[in-house]
Amino acid sequence: MAHLSKVTTINHETFYTQGPLKQFEALKNTTLIRINNGTIINLALIISFNNGKYARLEVQTKTRAFIVSRHYAKQLKEKMSNDQRLKE
């Protein structure tokens with residue numbers, strides 16, 4: 001049986017795709033970024049950052065907060081700073 005990944009959109013639509021989220025790593029040059037083993041988020045939806053419980057980084061969107069794993073935190077910060085430079 002193949003691995004399925006669940007994809008939920010901002011409109012709360014749910015889709016299943018064959019294979020792991022790793023296959024979406026090709027989206028690196030877009031505004032989508034992986035923030036933990038189960039979540040890819042659109043940078044445009046991030047409203048703020050917070051330090052969560054146990055010094056974990058959290059990103060806040062309009063609808064909810066997401067925990068960023070330590071592994072992906074550095075990549076997220078770099079991509080956000082590069083994105084800010086492009087807007088200036």
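**View 1. The largest pocket of the predicted model.** A pocket is an open set of grid points where a 1.4 Å probe fits, with protein on both sides within 12 Å along at least five of seven lines. The structure shown is a predicted model. Its largest pocket holds about 760 Å³ of space. The lining counts 23 residues. Thr 8, Thr 9, Ile 10, Ile 40 and Phe 66 lie nearest the centre.

**View 2. What lines the largest pocket.** Two elements give two or more residues each to this lining: strand E1 (4–8) and strand E4 (39–42). E4 gives the most, with 4 residues. By class, the lining of the largest pocket has 12 nonpolar residues, 8 polar ones and 3 charged ones.

**View 3. The second largest pocket.** Here the volume is about 330 Å³. The second largest pocket is lined by 16 residues. Nearest its centre are Glu 25, Lys 28, Ile 33, Arg 34 and Gln 75. Strand E3 (32–36) and helix H1 (70–87) each supply at least two lining residues. H1 has the largest share, 6 residues. The lining of the second largest pocket divides into 7 nonpolar, 3 polar and 6 charged residues.

**View 4. Strands E3 and E4.** E3 and E4 pair in the antiparallel sense. The pairing runs over 4 bridges. A hairpin of 2 residues joins E3 to E4. Ile 33 stands opposite Ile 41 of E4. Ile 33 also lies among the residues nearest the centre of the second largest pocket.

View 5. Thr 39 and Ile 41 form the covered face of E4. Ile 40 and Asn 42 form the uncovered face. Ile 40 is also one of the residues nearest the centre of the largest pocket.

View 6. Val 59 is found in strand E6 (residues 57–60). Val 59 has a relative accessible area of 0%, so it is buried; the cut-off for buried is under 20%. Leaving out residues up to four places away in sequence, Val 59 touches Ile 35, Ile 41, Ile 46, Ser 48, Phe 49, Arg 64, Ala 65, Phe 66, Val 68 and Leu 76. Ile 41, one of these contacts, belongs to the covered face of E4. Phe 66, another contact, is among the residues nearest the centre of the largest pocket. Val 59 and Ile 35 are 24 residues apart along the chain. Their C-alpha atoms are separated by 9.2 Å.

Key: Residues numbered from 1 in each chain as written. Predicted model: local features only at pLDDT ≥ 70, side-chain atom pairs only at ≥ 80, totals over all residues. Heavy atoms only, no water. 1 Å grid on protein atoms, 1.4 Å probe; cavity = no way out; pocket = protein on both sides within 12 Å on 5 of 7 lines; lining within 4 Å. Points joined across faces, edges and corners; volume = space filled by probe spheres on them. Nonpolar A, V, L, I, M, F, W, Y, C, P; charged D, E, K, R; others polar. Buried < 20%, exposed > 50% of the residue type's maximum accessible area, 1.4 Å probe, protein only. Pairing = 2+ DSSP bridges. Contact = heavy atoms within 4.5 Å.
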